[in-house]
Amino acid sequence: MKITTALIDKLIRLRNGESLPASQLRGEWVDEMLSEGILVSTSYGSRRTLRAPLPHPFCQALSAMDERLADLSQMREMLLSEEALRAKQAATTGNSKLLTVRSCPGFPVNSYEPIVCSLHGQKFVVSPEEGSFLFVTDWQEFSIPEDVVVVGIENMENFRFIRQQRTLFEQFIGSTQLLFVSRYPQSTDLVSWLQHIPNRYVHFGDFDLAGIHIFLTEFHIHLGERSLFLIPEDIEARLSRGSRERYDSQYCHFRHLHCDNPSLQHLIDLINKYHRCYDQEGYITYLSFACAQLFGS
């Protein structure tokens, strides 16, 4: 699928409950959404239209299909920005394809204790104040100590509030230094950087079939055995009261998901056992509540 502003505009219209002529949307992904009931086709004589009867499953299916479609409005702004830059190049050089420009290369980094890194061969200390994080744009020139464990966090809310999840990370990983990273904005920069460093990688994402698929196809396939999926000890109890709606919306697309890693396959089996998913944000709420009880606030 080629993502363009025209396509994003059509997807936004579908998300907002509008109908589109079937001739405007074609491809295998459209057929899959029709077979799963995420899109519905209606005929008016020789004319056929498509609509998304429920916006939430539609948005989830888009996100599972391509992470760049998780936030349609943001993706549209990014594409418009890139188009404007190409137009400026064309006006200057007469060739809009002379240079491919990305408005925001790189990825955010965070930590809850200072980590001495290197950027362009110079000392670079990652130590953001609480309520902030850093953004590394020249990621090709960014290096970290080999004993630091990189923790990739899918959800930006979890990424922002790492201190409220410190107990979880220490229970799973230990007391080693942790550098937290995120793929926001969506790009391949992060995984490209991870491929060029020797550090261990731990992936912290949603506990659903789509989240496991992201880890397997976008990280584990490139990093191999030095990549792990974070699975908390209490995940079965949390899955038992998780979201059935999200599981149902993902099942058709990921029903054949399988992994050779025993612990990760066990998580897949638990998700299928309870027919439920669990959001990683739940660990922020839990730990905040626990702290409030502990200190009597």
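**View 1. Gly 17 follows helix 1 and has a positive phi, near 95 degrees.** The model is predicted: local features need pLDDT of at least 70 and side-chain atom pairs pLDDT 80 or more, whereas totals for chains, interfaces and linings use all residues. Residues are numbered from 1 along each chain as its sequence is written, and side-chain values use heavy atoms, without hydrogens and water. Helices are DSSP runs (H or I, at least four residues), numbered from the N terminus. Within helix 1 (residues 5-15), Thr 5, Leu 7, Ile 8, Leu 11, Ile 12 and Leu 14 are buried (under 20% relative accessible area, 1.4 Å probe, protein chains only).

**View 2. The largest pocket holds about 810 Å³ of space.** A pocket is an open set of points on a 1 Å grid over the protein atoms alone, with protein on both sides within 12 Å along at least five of seven lines; lining residues have an atom within 4 Å of a point. Of its 31 lining residues, Ser 63, Glu 67, Ala 70, Asn 155 and Asp 206 lie nearest the centre. Helix 3 (55-65), helix 4 (72-93), helix 8 (209-223) and helix 10 (244-254) each give two or more residues to this lining, with the largest share, 5 residues, coming from helix 3.

**View 3. The largest cavity holds about 120 Å³ of space.** In a cavity, a 1.4 Å probe fits but cannot get out. Among the 13 residues lining the largest cavity, Glu 36, Ile 38, Ala 61, Ala 64 and His 253 are closest to its centre. Helix 2 (28-35), helix 3 and helix 10 each supply at least two lining residues.

How values were computed
Buried means under 20% relative accessible area, exposed over 50%, partly exposed in between (1.4 Å probe, protein chains only). Grid points are joined across faces, edges and corners, and a volume is the space filled by probe spheres set on the points.
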